[in-house]
Each structure stands twice: as structure tokens, then as C-alpha cells.
2 protein chains.
Amino acid sequence: MGITIDNIMLFRQLFDEESSTYTYLIADRTFKQALLVDPVLEQVERDRQLLHELGLTLKYCLETHIHADHITGMGKLRQMTGCLGIVPENAQIACADDFLKQGEMLRLGNVIIEAIATPGHTNSHCAYLVNQKAILTGDALFIRGCGRTDFQSGDAGTLYDSVTQQLFTLPDETLVYPGHDYRGHTVSTIGEEKQYNPRFVGRDRLQFIIFMNNLNLAYPKKMMEAVPANEKCGNI
Amino acid sequence: MGITIDNIMLFRQLFDEESSTYTYLIADRTFKQALLVDPVLEQVERDRQLLHELGLTLKYCLETHIHADHITGMGKLRQMTGCLGIVPENAQIACADDFLKQGEMLRLGNVIIEAIATPGHTNSHCAYLVNQKAILTGDALFIRGCGRTDFQSGDAGTLYDSVTQQLFTLPDETLVYPGHDYRGHTVSTIGEEKQYNPRFVGRDRLQFIIFMNNLNLAYPKKMMEAVPANEKCGNI
């Protein structure tokens, strides 16, 4: 039992309350190497302390996309630990140390992270499949929801294709760990989301596009600050 | 991997942002029977919907203690589902359907929940050991913290004994799932808490009592409403 007590992998889900962002700490227990997915600037000290207490060396900070609602902790963590900052290939931000494209893998000892290109929320979004058992879905797929598609080159039809053709084709038992949650859920499965995600159930591609294009959401409070900062890897 | 995808047990951690409370949904996958530990009144509809989507029958609502910071969802869930409401023996609230004392077990198919009396935060607090692999520590032990001891018959010395003699004697790899978290942590282990919990590391019993008795915390905002409501099983 326990993604957390898997003999090979250590897995910790961490939450930033201000932006409702989930950060994921993943490590190989034997080699003591770790990566953080979607770290939040204001939580860097918490994350650094946890890495220290668990005896882990941070090798990578990995982003699912260029965020609009919070500033990444990547820049600060890179300064503090010497880790590499990695972003999806299409993000094309000059400050990143490396880029991942569809199907490319990142290895931490016996833990394998596979990039699955899932554009739509932004045009450079990747989800990450962890040892073929859990998928970090970023802002492509939330628990009973999905990311918005109305800025940062977002496109509702593209998101529909990413979710239905890339994520919903994973095995039903694959664990879904999203980039945000606003209702207190922590985890779901692909099977559950295929069956119960109200954004997708009973909507074809065109109906989804019409629905998403009429959400009329306010822009994220930090957007004007966060996007340019994240295009500089959080080096504000 | 995954407490969540254990073949026997389904395990979901749920969060109430207003009170920073964790509720736990635990079920036997074969028998489709579930229990909720520390449900929150305002989240009853979320929890009911999740039970429905997962095809689960709610058998029990179980409290770690009489809460002072939120009203339990037990009463409402009992009305909606016919589940039984269970509290620690020493809580002695007349509306409960049953009581658990030290060492008593509750069984859901092949999932076994064992009550571990851990008074100190309140005089009737129980932690719950789940299939000998995870401990739901309620407000006795938090991740790098612990519950306060300054009201509801709380007692710092008693809490020190509960944590050091009941919880810290569990195997190091036991997963710690707390009743609250205020910094975005979701899970820890007994080994980590023994080594890094700043409330206990480097403090003997007397030093812990002096520390706890000088915290001078404000009372919980909802205390005057929550405690009497919870003494009626949340039937407000």
C-alpha cells in the first residue's frame, strides 16, 4: 500500500493554499535523487527543508507549463541546489536547462518520468507519467474539471484532443494527480475521470469548445506578474 | 504503488480549506463498504457525491475526537445514508451509535481500523491504525507539529505520553495522515516525525508541558458553535 511507501519511489503531494497549486516531490529511495514538479516560489523553503530532512538531492525542477497563477520556485531552487530546470519543449524559454518533448523520458534511478504532450490549456503543456502508474496532469485535467483555455495560446479543441486522445487512453487504474484542486480532492483515476468528469462527459469536441469559450472567467490575480516571471524561470 | 490503488483498500484524503481539516474516505474495494473519518459539515455534499461515483455504501462515520474548529458532517451523513456514527469511548456523547476504546477494531471487509487511545489534545482522542500501515493521527500528531492542549480537557503531559508511547512506538515506515495541516503537507511517516517533529525533538516531558502551556493561541473562531454542535453529533 502507498505510492508513498513504494520500495522504489518516494512520492509526496504538496499544496500551496494561496494558488491552490499542487507540487509533487518524487524521488528514488535508493539513489536519493529527487525532482520537484511545479514548485511554487513562496513554498521553496518548505520544499527545501523537506528535501533536506528526507536526505534527498534535488536533481530537477520540472514544469508542466508556463503558469499564470503563481511564480515558479524553479529559479530559486536552481540557485540554492544547483538542480536543472526543465520545461516542455514548446515552452521555448531561454533560461531552461533542458526541454522535454512528447515521449521523452527523465530518469531518477529506477523512477521514470515520461512527458506526454497535452497542449490546450497552453500551447506547450506536458503531463508527466510516473512509472506508468500515476499521471501528473498539470492544468490539462483536474479532478472533475480541466484547465481554462482562454489565454496563453490556449485552445479548447486542442485541450479536448489532449485529454480524450492522450490522457483518457491511459489504463483506467492510472492515478490522476492534478496541478490544482479547488474543492479538497487530492487524487483520482483515469477511469473515474472518463466516467464522471463533467467537462467531458456528454460533450463532443464542438460542444466542449462552445462550453469553454463561454466560461467568461476573470483573469488570475497574479497573471501580469507571474507569466513574465515564469518566462524567466522564476528569476524575478 | 499507491495506498489509493491497493487491491484491497481504497483510500482518499480530502481537504476542507476553511478549517484546514483532512477527512479520510476508506473503503474495501470488494465489498464496496466505506467509512469517513472526521467528515466536515460543509463538505457533506462533496463526500456524498464521491461515495456515489465510486459505488460505495457508507457504513460508518468515525470521529478522532470532539472537534472545536469545525462542525462534523456525521449527523447529516447519518440522516442521508443511514450510516452509524462512532466516536471514541471517552467522548461519551449520547447521540453516537457506538464507541471505540483502546485496541478495539472496526472491520470493513478486509480493511481493519484499530483505535489507539491518544488523549491529550482532548481527553477522549483516538488515532486510527489502518491495516497496520497508516495511522490517522487526528489532532494528536501533525506533520512536524501537534494539536493544542489548552481547552476541552486537553493536557500537555498526557499528549506527550500519547505521542511518545503510543504513536512513536509504531514501525518507522507507518504512514502518518494527520487531522489538519496548515502548510500544504499531506503525509509523513512515524520515522520522520520521531526524527524531525520540532515539538518533540529535544524536549522531555516537562519541557514539552512548559512549551505547550505557553503557546497563548487564540481560540478557534468557530469553537463556541462547533463544540456544542459536535456534542450532538453535528445535528445543529
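**Sheets and helices in a predicted model**

Modeller: In strand E4(B), Leu62(B) is the residue that Val37(B) stands opposite. The model is predicted, so to speak of local features a pLDDT of at least 70 is needed and side-chain atom pairs count only at pLDDT 80 or more, while totals for chains, interfaces and linings use all residues. Residues are numbered from 1 along each chain as its sequence is written, with chains lettered from A and ligands numbered from 1 in the order in which they are written.

Colleague: What joins strand E3 of chain B to strand E4 of chain B?

Modeller: Five bridges join E3 (residues 33–37) to E4 (residues 57–62) of chain B, and the two strands run parallel; they count as paired because pairing asks for at least two bridges found by DSSP. Strands here are DSSP runs of E with at least two residues, and helices are runs of H or I with at least four, both numbered from the N terminus.

Colleague: Why is one side of strand E1 and of strand E6 of chain B left without a neighbour in the sheet?

Modeller: The open sheet of chain B has six strands in the order E1-E2-E3-E4-E5-E6, with mixed pairing. Strand E1 (9–16) and strand E6 (98–100) of chain B stand at its edges with a single partner strand each, so one side of each has no neighbour in the sheet.

Colleague: Which strands of chain B does helix H1 lie across?

Modeller: Helix H1 (residues 44–53) of chain B lies across E1, E2 (21–28), E3 and E4 of chain B, running at about 20° to E2(B). Helix H2 (residues 74–81) of chain B also packs on the sheet, where it touches E3, E4 and E5 (84–88) of chain B, and its direction makes about 155° with that of E4(B). Such angles run from 0 to 180 degrees between N-to-C directions, with axes fitted to C-alpha atoms, for helices over the stretch in contact.

Colleague: Why are H3(A) and H5(A) called oblique to each other?

Modeller: The axes of H3 (residues 156–167) and H5 (residues 205–212) of chain A come within 8 Å and cross at roughly 130°. Under 35 degrees would count as roughly parallel, over 145 as roughly antiparallel and 65 to 115 as roughly perpendicular, with the rest oblique; H3(A) and H5(A) are therefore oblique.

Colleague: Which residues make the contact?

Modeller: Ala156(A), Gly157(A) and Tyr160(A) of H3(A) meet Arg205(A), Phe208(A), Ile209(A) and Met212(A) of H5(A), contact being defined by C-beta atoms, placed from the backbone, that lie within 7 Å.

Key. Contact = placed C-beta atoms within 7 Å.
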